[in-house]
Amino acid sequence: MTSYSKSKTLFSRAQQSIPGGVNSPVRAFNSVGGTPVFFKSAKGAYLYDEDNNKYIDFINSWGPMILGHANPKVVEAVKKQAEKSFSFGAPTELEIELAELIISMVPGLEMIRMVNSGTEACMSAIRLARGYTGKNKIIKFAGNYHGHADSFLIKAGSGAITLGTPNSPGVTPGTAADTLLANYNDFESVKTIVNDNINEIAAIILEPVAGNMGCIPPVEGFLENLRKLCDQHGILLIFDEVMTGFRLAPGGAQELFGVQADLITFGKVIGGGMPVGAFGGKRKIFEHLAPNGPVYQAGTLSGNPLAMVSGIATLSELKNNPEIYKNIANTTEKIEIGLREVFHNRQFPYQINRLGSMISVHFTENPVIDFESAQKGDVPQFKSFFHGMLDHGVYLPPSAYESWFIGNAISNDDVNHTIEVADRITVNWKY
Ligand code: KE4
């Protein structure tokens with residue numbers, strides 16, 4: 001039986017000084033119960049907790065560790081830069097290098113501004129969209145998560161829905177009034193909102209592949225129709241690629257689907273595990289951003305040299321070895337096939353959604369295509385699955401509303417172990 005005694009001790013200590021004992025709510029295990037596992041190190045595909053238990057990592061820091069943990073090239077780059085001090089608060093060549101690297105990988109980018117998180121990237125992108133268009137309202141989609149800025153905590157996914165608070169207290173009615181809600185994969189719901197708010201909408205923001213209500217790919221034509229609608233009405237289309245960027249392809253969802261957004265936000269992989277976010281797009285829009293233009297946005301540690309070298313090393317590895325994308329997609333397909341074989345023999349309904357290396361499991365009869373159907377999943381069943389896997393060394397996201405993140409370090413043996421454990425822990429499942 002897996003011992004979590006040190007994690008238990010650390011968790012009760014952490015709760016004395018840190019709200020909920022964690023610095024990000026989804027880590028707290030509230031929806032799956034039990035004690036959050038405290039980790040001390042990781043290497044490649046494996047995490048090691050304070051009780052010296054080893055786990056195959058299916059979170060990878062919620063996406064950033066796509067190369068696997070402690071990739072030697074990334075570690076070496078950060079070590080060397082650290083000896084030159086950590087931060088200057090002044091321009092460096094490293095920022096230009098990362099900006100040029102990203103622009104070379106992502107379709108339609110002419111300019112990009114570095115920030116420190118995906119939240120900052122998304123909140124800055126909608127401010128720029130509002131400043132550029134002179135319009136106030138935005139459309140977001142129920143179940144999409146764009147970080148914890150006020151405008152986004154309206155029917156938000158990820159930790160917000162996980163904790164049952166998709167609409168957060170503290171967001172004023174005035175702010176909420178400017179965020180209009182559509183249904184993911186339901187183009188008609190968007191058209192209705194646009195027609196009811198002619199000339200008032202600055203931007204439509206979405207996850208081009210949803211990952212914060214589980215993994216939900218766009219239905220055929222959804223992204224293309226949004227592009228056309230935005231062009232017809234002078235609305236900016238914002239792809240939140242914090243999760244999909246550099247994960248689905250070097251050029252992210254834009255490359256995969258061939259749809260060009262006006263603004264694109266990034267996070268996670270872009271920093272390789274260091275705090276980096278960014279938002280980019282066409283030069284004509286970015287001429288409106290301070291210091292050139294009136295839309296203000298700033299950050300003490302934005303473009304931080306340590307974070308830049310981590311991002312440069314990570315993205316360079318991905319750009320120079322494009323076979324990584326095929327490899328992580330193939331690994332994820334093997335996991336999908338293996339789990340389907342396991343669940344097919346169980347008296348329990350399930351859905352598995354997957355696109356590339358993004359995958360999620362939902363215990364429900366219905367196809368999971370939007371926020372409503374995602375909420376029909378059997379959370380207690382997921383809880384039992386989560387803990388069964390955890391006790392056998394497989395670390396899944398502690399939430400039924402998260403995509404799993406597959407990294408490039410996982411082996412066939414790791415996949416086989418994962419499937420074997422899933423088979424063992426579900427053998428007596430009855431519906
Ligand atoms: P951060 O501020 O957490 O760096 O990024 C916010 C964000 C924006 N957009 C998308 C599509 C995202 O998925 C995220 C953050 N993702 C969650 C996991 N689903 C972060 C995990 C957490 O909150 O601890």
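The accessible surface of the protein comes to about 17,600 Å², and 52% of it belongs to carbon and sulfur atoms (areas by the Shrake-Rupley method with a 1.4 Å probe; for residues, only the protein chains shown count as cover). This is a predicted model, in which local features need pLDDT of at least 70 and side-chain atom pairs count only at pLDDT 80 or more, while totals for chains, interfaces and linings use all residues. Residues are numbered from 1 along each chain as its sequence is written, and side-chain values use heavy atoms, with hydrogens and water left out.

**Overall build**

- The protein has 15 helices and 14 strands; these are DSSP runs numbered from the N terminus, with helices (H or I) of at least four residues and strands (E) of at least two.
- A compact globule of 431 residues would have a radius of gyration near 22 Å, and the 21 Å of the protein agrees with that (taken over C-alpha atoms; the rule is 2.2 Å times the number of residues to the power 0.38).
- Along its principal axes, the C-alpha trace spans about 60 × 55 × 45 Å.
- Of the 431 residues, 56% count as buried (buried is under 20% relative accessible area, exposed over 50%, partly exposed in between, with a 1.4 Å probe and protein chains only).
- Among contacts between residues at least 6 apart in sequence, 71% join residues at least 24 apart (contact means heavy atoms within 4.5 Å).
- The mean positions of the 36 positive and 42 negative charges are 3 Å apart. Lys and Arg count as positive and Asp and Glu as negative, without His and the chain ends; each charge is placed at NZ of Lys, CZ of Arg, CG of Asp or CD of Glu.

**The sheet of E1, E2, E3 and E13**

- Here is an open sheet of 4 strands in the order E1-E2-E3-E13, with mixed pairing (two strands pair if DSSP finds at least two bridges between them).
- E1 and E13 (394-395) stand at the edges with a single partner strand each, so one side of each has no neighbour in the sheet.
- E1 (residues 39-43) runs antiparallel to E2, joined by 4 bridges, and Phe-39 has Asp-49 of E2 as its bridge partner.
- E1 and E2 form a hairpin with 2 residues between them, and Gly-44 in the turn has a positive phi of about 60°.
- E2 and E3 (residues 54-57) are also antiparallel, with 3 bridges; Tyr-48 partners Lys-54 and Leu-47 partners Tyr-55.
- The hairpin of E2 and E3 has 4 residues between its strands, and there Asn-52 takes a positive phi near 65°.
- In a regular strand the side chains alternate between the two faces of the sheet. For E2 (residues 46-49), Leu-47 and Asp-49 lie on the covered face, and Tyr-46 and Tyr-48 on the uncovered one.

**Two buried loop residues**

- His-69 sits in the loop between E3 and helix H2 (72-82) and is buried, at 12% relative accessible area.
- Beyond residues up to four places away in sequence, His-69 touches Ala-42, Lys-43, Gly-44, Tyr-46, Leu-47, Asp-57 and Asn-60. Ala-42 is 27 residues away in sequence, with 5.8 Å between its C-alpha and that of His-69.
- Pro-36 lies in the loop between helix H1 (5-17) and E1; Pro-36 is buried, with a relative accessible area of 4%.
- Setting aside neighbours within four places in sequence, Pro-36 contacts Ser-7, Phe-11, Arg-27, Ala-28 and Phe-29.
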